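Visitor: I would like a short tour of this protein model. Where do we begin?
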Amino acid sequence: MSRLTIYGDSISGNCLKAKWVAERLAVPFDWVETSVVEGATRKPEFLKLNPWGQVPLAALADGRTLAQSNAIMLHLAEGSDLVPGDAYHRAKMFEWLFWEQYSHEPVIAVRRFRVKFRNLLDDETDRTLATKGAAVLARMDEALAEQDWFVGDALSLADIALVAYTRWAEEGAYDLAPHRALVAWIDRVERALGLPSTR
Ligand SMILES: N[C@@H](CCC(=O)N[C@@H](CS)C(=O)NCC(=O)O)C(=O)O
């Protein structure tokens with residue numbers, strides 16, 4: 001019988017989100033390493049699976065496919081303790097998930113990719129990345145000053161989505177040191193997910 005397959009690149013926080021949720025919830029899956037840097041997502045055979053040409057891509061046990069990291073996480077975590085049962089807390093989780101995709105990932109992940117994999121710092125077109133990223137990290141630190149998790153009092157998909165690139169922010173030349181609550185939260189989430197510490 002087929003089982004879940006996750007096409008992902010191990011250097012991508014978006015891809016690791018899906019992997020971590022499957023592991024956490026003991027969902028059996030196969031991982032197909034798909035290199036972004038080598039252009040594997042733009043090959044015709046991959047474009048048949050995901051016309052957007054991006055990973056992560058989940059091929060479900062019944063053959064249907066699902067793209068977008070947060071959609072994959074939500075599908076895998078349906079009915080689990082990673083999605084708050086309380087309606088307000090569930091909406092707060094979505095608030096952070098939408099913010100992660102619109103305001104966090106395009107800044108924190110993009111600058112890391114440029115610095116670590118393209119050997120670049122911000123050029124003329126992206127000069128705002130440093131300041132936008134610093135504001136994003138400060139916002140997270142502020143939110144975590146009085147609570148251990150982003151939503152309610154337990155780990156949720158909001159923490160998993162947000163930790164994926166925040167734990168690597170220093171690879172994008174961002175400074176985490178001033179953000180003590182944020183650094184403590186990164187440790188907390190890494191421990192909860194059984195990840196190696198980035199500290
Ligand atoms: N919003 C999407 C972003 C997906 C994305 O940007 N994937 C990158 C890797 S992190 C990718 O596949 N890039 C290859 C390409 O665009 O050719 C998600 O959360 O899944």
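Guide: Start with a term. A polar contact is a pair of N or O atoms within 3.5 Å; within protein, one must be able to donate a hydrogen and the other to accept it. Keep in mind that this is a predicted model.

Visitor: Into which domains is the protein chain divided?
Guide: There are two ranges to find along the chain. One covers residues 4-77 and the other covers 87-193. They are domain 1 and domain 2.

Visitor: How many residue pairs are in polar contact across the interface of domain 1 and domain 2?
Guide: Apply the term from the start. Both residues of a pair must be at pLDDT 80 or more. Across this interface, the rule then finds 9 residue pairs.

Visitor: Which element gives the most to the side of domain 1 that touches domain 2?
Guide: Two elements give two or more residues to that side: helix H1 (13-24) and helix H3 (69-77). The top count is 7 residues, and it belongs to H1.

Visitor: Which residue forms a salt bridge with Glu100?
Guide: The rule needs a side-chain nitrogen of Lys or Arg within 4 Å of a carboxyl oxygen of Asp or Glu. Here the closest N and O atoms are 2.9 Å apart. The partner of Glu100 is Lys17.

Visitor: What area do domain 1 and domain 2 bury between them?
Guide: The contact involves 17 residues of domain 1 and 20 residues of domain 2. Carbon and sulfur atoms hold 69% of the buried area. The total is about 1400 Å².

Technical notes
Residues are numbered from 1 along each chain as its sequence is written. This is a predicted model: local features need pLDDT of at least 70, side-chain atom pairs count only at pLDDT 80 or more; totals for chains, interfaces and linings use all residues. Side-chain values use heavy atoms; hydrogens and water are left out. Domain bounds come from an automatic or database domain assignment. Contact means heavy atoms within 4.5 Å. Buried area is the accessible area (1.4 Å probe) that two parts lose on being put together, summed over both. A polar contact is a pair of N or O atoms within 3.5 Å; within protein, one must be able to donate a hydrogen and the other to accept it, and residues adjacent in sequence count only if both atoms are side-chain atoms. Helices (H or I, at least four residues) and strands (E, at least two) are DSSP runs, numbered from the N terminus.
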